[in-house]
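Biologist: Please take a close look at a single part of this structure and describe its surroundings in one connected account.

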Amino acid sequence: MPVPSDLHEQFYVPVIAAPMYHVSSARLAAAACVAGIGGSLARHNHSSNEAFENQLSLVQEAVHFSADQGGRAPGPLAVNVATQLPEEDIRINLGLAAKYGARIAITSIGDPSRISPIIRDLGMLHFHDVTSMRFAEKAASIGVDGMVAIGAGGGGHAGTISHLVFIPQIREIFDGIIVMAGAVSHGAVVRAAQIMGADLAYMGTRFIATQEAEVDEAYKAMLVDGTEADVIYNAGVNGMPASWLKASLRSTGLDPDAMPVLKERGTVHLPTGTIPWRDIWSGGQGIGLIHDIPSVAELVERLAQEYDAACTIPSSRQPVQNV
């Protein structure tokens with residue numbers, strides 16, 4: 001199933017600013033939607049249903065204001081909802097998301113099968129995060145509308161499979177929407193994702209280093225100053241493999257070259273008061289292409305130029321020169 005035509009038309013550039021723990025906010029999501037790409041909110045960033053509703057309302061207000069001022073057609077809003085929540089809470093939160101115009105509901109860790117009917121009844125599209133073919137096959141079996149294929153090099157709890165294999169493999173078994181996630185920081189990579197069989201691309205780390213991201217300025221500077229060599233994929237922070245910034249680990253007293261080997265999930269071994277994601281910062285290998293901290297609007301225009309340039313590359317095979 002290709003991207004529905006009405007959804008496809010909502011993207012100025014086929015990119016979604018990914019939902020991120022302790023990062024995604026109404027300000028960042030609204031800026032992304034107003035710029036013409038997908039914006040996102042993560043329910044687990046908010047302490048209550050009321051706080052979540054307030055963020056949804058702020059995004060809707062910003063989008064409507066931009067439209068009233070003759071702005072670009074807004075990109076779609078996505079919300080990330082944890083599968084582990086009680087069903088009643090899931091219904092409440094997804095109902096709020098639909099009320100305020102969210103088009104896409106994204107689920108991640110856990111079994112999405114009990115949530116999928118709720119999402120469908122509300123008229124939203126259901127995307128599910130997958131990091132392996134086993135998870136992709138399960139997602140396909142329940143009839144999700146889309147998969148976020150998180151490959152090697154991504155921030156957070158990324159996968160370990162190269163996109164060069166992962167995207168074509170998923171496309172062999174799934175005719176829905178595929179979103180390529182992990183180490184995407186350039187418009188040409190978005191085009192490459194489409195060539196491999198994806199429809200859209202996820203960008204997380206790149207949007208942390210924007211003016212609208214409400215995170216510590218030292219976090220943004222760490223992304224600008226670092227390269228892919230400054231990212232470590234390790235389970236020593238909370239027992240689950242994830243991508244962490246080495247400089248952030250050092251700043252909290254951890255040694256990226258001697259991370260603890262954990263037998264189970266947990267954070268009791270961390271320095272007192274240290275919370276992963278809030279105090280220990282994540283980033284993907286895409287930081288190698290981050291050199292500044294633009295506004296979201298400026299970044300999206302740059303991505304559009306890079307994407308358009310990549311689309312003009314001749315599709316026919318050319319003879320190899322100077323060999």
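Modeller: Y219 touches V23, I208, L245, W281 and S282, where contact means heavy atoms within 4.5 Å and residues up to four places away in sequence are not counted. This is a predicted model, in which local features need pLDDT of at least 70 and side-chain atom pairs count only at pLDDT 80 or more, while totals for chains, interfaces and linings use all residues. Residues are numbered from 1 along each chain as its sequence is written, and side-chain values use heavy atoms, with hydrogens and water left out.

Y219 and L245 are among the residues with the most contacts inside the largest nonpolar core, which has 48 residues. Such a core is a set of buried Ala, Val, Leu, Ile, Met, Phe, Trp, Tyr and Cys residues joined through side-chain atoms within 4.5 Å; buried means under 20% relative accessible area, exposed over 50%, and partly exposed in between (1.4 Å probe, protein chains only). Helix α12 (residues 296-311) supplies the largest share of this core, six residues; helices (H or I, at least four residues) and strands (E, at least two) are DSSP runs, numbered from the N terminus. A second, separate core of 23 residues includes A30, V79, V81 and Y100.

A30 is also one of the buried residues of α2. Eight of the 10 residues of this helix (residues 26-35) are buried, so α2 is largely enclosed by the rest of the structure. Its buried residues pack against elements including β1 (15-17), α3 (49-68), α9 (205-208) and α12. G36, whose phi is positive, near 105°, follows α2.
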